[in-house]
Structure formats: C-alpha cells, structure tokens
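Me: I would like to go through this model by question and answer. Please show it, then take the points in turn.

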Amino acid sequence: MTNAEAVTVTNKQIIFPDYVTGFPKESDLKITTTTIDLRLPEGSTSVLVKNLYLSCDPYMRICMGKPDPLSSSLVPPYKTGVPIIGLGVSKVIDSGHPDYKKGDLLWGLVGWEEYSVITLTTYSHFKIEHTDVPLSYYTGLLGMPGMTAYAGFYEVCSPKKGETVFVSAASGAVGQLVGQFAKLMGCYVVGSAGSKEKVDLLKTKFGFDDAFNYKEEKDFSAALKRYFPEGIDIYFENVGGKMLDAVLINMKLHGRVAVCGMISQYNLVDPEGVHNLPTILYKRIQLQGFGVCDFYDKYPKFLDFVLPYIREGKITYVEDIAEGFESGPSALLGLFEGKNVGKQLFVVARE
C-alpha cells in the first residue's frame with residue numbers, strides 16, 4: 001500500500017487492566033478506542049490484518065492470573081494495559097511478509113481488537129486455503145480446538161475399535177469433536193455436560209451413545225459405574241477436580257487419560273486435591289498432559305482427515321456466536337459459568 005493510499009481508522013480494543021484472582025468479572029476487561037494506520041512502515045515484515053472472528057477459550061483464564069515464577073504454564077500471562085491475546089480469523093489488509101498478500105485469510109494469534117499488526121513465528125498463524133466451509137470454523141473445528149481433539153484422542157490415547165470412552169465438558173469446543181472421533185473409531189462413548197439442553201445435544205446431534213448432567217449427580221463415581229459397568233478405557237479430561245477423582249477408580253487396567261484441560265480449577269485460589277492417585281499405579285493407567293502446540297506440525301494431516309468428513313456431513317459442529325465487538329467480555333466470561341452451548345466465539349466483522 002502506498003503512502004497516498006494510507007488511511008487512519010479507529011481501532012476498538014479489549015484491554016486487560018490488571019491480574020485477576022477468583023472468578024473474573026466484566027469489569028476486569030475494558031473496551032477502549034485508539035487509531036491505527038492501515039499501512040505498514042516501509043521495510044516491515046509484519047502483517048496487518050482486520051479481525052473477523054475472535055475465539056473465547058478456557059485457557060485464557062490462566063493468562064489472567066498474576067505471573068508466578070514457581071509455576072509453569074503452556075501459555076504466558078497477559079500483559080496489563082494492552083489488548084488481550086487470543087485466537088482469531090483475520091483478513092490481510094497489508095503485508096510485508098512474502099507468504100501473505102492483501103486479501104489472504106488466516107487464523108492464529110491476534111490481539112482482541114478490530115485491527116492487529118502480527119509478527120509471524122513458527123505455527124503462530126496458518127493460511128486459510130479451504131473456504132467452502134464457514135470461516136468461523138477456523139476458531140474451532142478447523143482451528144486450535146479441532147487440532148486439540150485430534151491430537152489428544154488419536155496421538156495421546158491411541159484408541160482401538162470397541163473401547164469405552166468418557167469425555168467431560170463434552171458439548172464444548174473440543175469435547176463435541178472427541179466424541180465424534182470416537183464414534184468414527186467404533187468406540188462406545190459417554191459424555192458429561194451441565195444442562196439438559198447440552199445432554200440432549202450430545203445424544204441427538206453428536207451421536208454419543210449416552211450422556212448425563214453432572215449437576216444432577218450426587219456421586220460421580222456411581223454415575224460412571226452406571227454408564228461403564230466394565231470400566232473406562234479412555235478418559236478425555238477437560239474439567240479436573242472431583243470428576244477426575246471419580247474417573248480414576250472407574251478406569252480399566254491399562255486405561256489412558258488425555259489431560260486437555262481442568263476448567264473446574266481455573267478460578268479457584270486453592271485447587272482441589274485428587275485423592276485416588278494410587279489407582280494410576282494399581283491399574284497401570286497412562287495419564288498424560290498435552291499441549292496442542294506440540295502437534296501443530298500435523299495440521300495438514302488433520303485437515304486431510306477432517307475436511308472430507310465435514311463435507312460428507314459425517315462430522316457436525318455447534319457454535320455459540322455472539323454478535324459485535326462489545327460482546328467479547330461477556331462471551332468469554334460465560335465460559336466459566338457454562339453459559340455457552342458449543343464453541344464460543346464472537347463476530348468482529350463478517351468481511
């Protein structure tokens with residue numbers, strides 16, 4: 001873009017003022033307006049994008065906590081006073097990078113703002129080549145959550161036909177896909193969720209063999225025994241706490257647990273303990289935490305695997321889409337109250 005064509009526009013941003021303890025509130029995120037030049041400086045290798053869809057993900061709560069040098073995390077804490085960082089789908093406005101030109105679409109890490117200047121690093125962003133599916137899918141099914149489900153289930157759990165699979169937070173961005181992948185493998189799948197609507201969705205739309213509302217169960221272990229009388233081969237862990245404790249004593253010999261997330265613990269000042277850890281030894285259970293960033297080299301393989309199923313209608317995906325930039329804070333915080341049904345995201349612009 002030449003200097004003559006340069007335009008300065010307003011740029012709304014969602015700023016992170018200070019670190020959060022306990023449950024975050026909407027006042028912990030501030031909407032502000034600044035300006036941005038729709039032209040990169042001469043010689044820049046960055047990419048200027050217009051953000052179309054921004055993703056709300058549970059891991060973002062971890063980033064809101066005060067940095068602790070003694071603890072390790074897959075994701076760095078947010079910097080205060082600047083836009084929070086998340087995953088999004090964006091359109092290139094100007095580019096100094098050889099791999100991107102004006103009009104290209106991509107998904108990856110961007111600021112929560114209308115326009116972002118991004119610096120490309122290995123696996124930080126992916127060009128969108130397939131536009132015959134909804135662009136919003138690249139915040140979920142075809143983005144980080146989809147890769148998470150794929151890597152956690154196939155790479156970590158090594159499933160076999162006929163095995164029993166339990167998925168917690170099963171109607172969320174990742175869980176709904178794990179269940180469908182398991183059914184494609186010929187497994188028996190049960191999911192837990194937090195409302196009748198979500199339980200019905202698991203059984204009628206996503207093809208789970210059964211599902212239950214964990215809020216209606218006084219004894220998680222008894223509930224799991226009801227659905228898995230012979231035990232659980234694979235547990236896809238999204239919640240942690242009491243559910244993990246109950247699962248461990250219901251696992252089969254040589255069972256596998258893929259630890260994807262622990263959303264029940266993210267807002268607690270003192271995380272809950274797990275009491276049934278000896279079961280890991282007695283039953284020779286493989287319990288493995290994983291980060292999707294370790295598997296992004298397999299992203300082309302994932303697309304080759306999942307796109308045909310989408311086009312044939314054999315995999316479906318439910319999104320919870322909030323409209324407008326101002327809806328971002330409430331959409332994100334709703335995740336921690338279970339308000340979302342499916343993958344939560346919000347629309348900044350539709351093109």
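Me: In what order do the six strands of the open sheet lie?
Reply: This is a predicted model, in which local features need pLDDT of at least 70, side-chain atom pairs count only at pLDDT 80 or more, and totals for chains, interfaces and linings use all residues. Residues are numbered from 1 along each chain as its sequence is written, and side-chain values use heavy atoms, with hydrogens and water left out. Helices (H or I, at least four residues) and strands (E, at least two) are DSSP runs numbered from the N terminus, and two strands pair if DSSP finds at least two bridges between them. The pairing in this sheet is parallel, and the order is β10-β9-β8-β11-β12-β13.

Me: Which strands are the edge strands?
Reply: An edge strand here pairs on one side only. The two that do so are β10 (210–213) and β13 (286–289).

Me: Which residue of β10 stands opposite valine 190?
Reply: Strand β9 (residues 188–193) runs parallel to β10, and four bridges join them. Opposite valine 190 stands aspartate 210.

Me: At what angle to β8 does helix α3 run?
Reply: Axes are lines fitted to C-alpha atoms, for helices over the stretch in contact (heavy atoms within 4.5 Å). Angles run from 0 to 180 degrees between N-to-C directions. Helix α3 (residues 175–184) lies across β8 (164–167), β9 and β11 (232–237), and its angle to β8 is about 170°.

Me: How many of the 13 residues of helix α2 are buried?
Reply: Buried means under 20% relative accessible area, exposed over 50%, and partly exposed in between (1.4 Å probe, protein chains only). Among the buried residues of α2 are Met147, Tyr150 and Phe153. Helix α2 (residues 144–156) is largely enclosed by the rest of the structure, because the number buried is 12.

Me: Which residues of α8 make the contact with α2?
Reply: The axes of α2 and helix α8 (residues 299–311) come within 11 Å and cross at roughly 90°. That makes the two helices roughly perpendicular (65 to 115 degrees; under 35 would be roughly parallel, over 145 roughly antiparallel and the rest oblique). On the α2 side the contact is made by Gly146, Met147, Tyr150, Tyr154 and Glu155. On the α8 side it is made by Tyr299, Lys301, Phe302 and Phe305.

Me: Which residue forms a salt bridge with aspartate 57?
Reply: A salt bridge is a side-chain nitrogen of Lys or Arg within 4 Å of a carboxyl oxygen of Asp or Glu. Aspartate 57 is in the loop between β3 (47–55) and α1 (60–63), and its partner is in strand β15 (residues 343–347), 286 residues apart. The closest N and O atoms are 2.8 Å apart, and the partner is lysine 343.

Me: Is lysine 343 buried or exposed?
Reply: Aspartate 57 has 3% relative accessibility and counts as buried. Lysine 343 has a relative accessible area of 0%, so this residue is buried.

Me: How many residues apart in sequence are the parts tied together by glutamate 272 and lysine 242?
Reply: The side chains of glutamate 272 and lysine 242 meet in a salt bridge at 2.7 Å, N to O. Glutamate 272 lies in the loop between β12 (251–259) and α7 (278–282), while lysine 242 is in helix α6 (residues 241–248), so the separation is 30 residues.

Me: How many salt bridges does the structure hold?
Reply: Besides the pairs above, Lys101, Asp104 and Lys127 are linked in a network of salt bridges. The number for the structure is 18.
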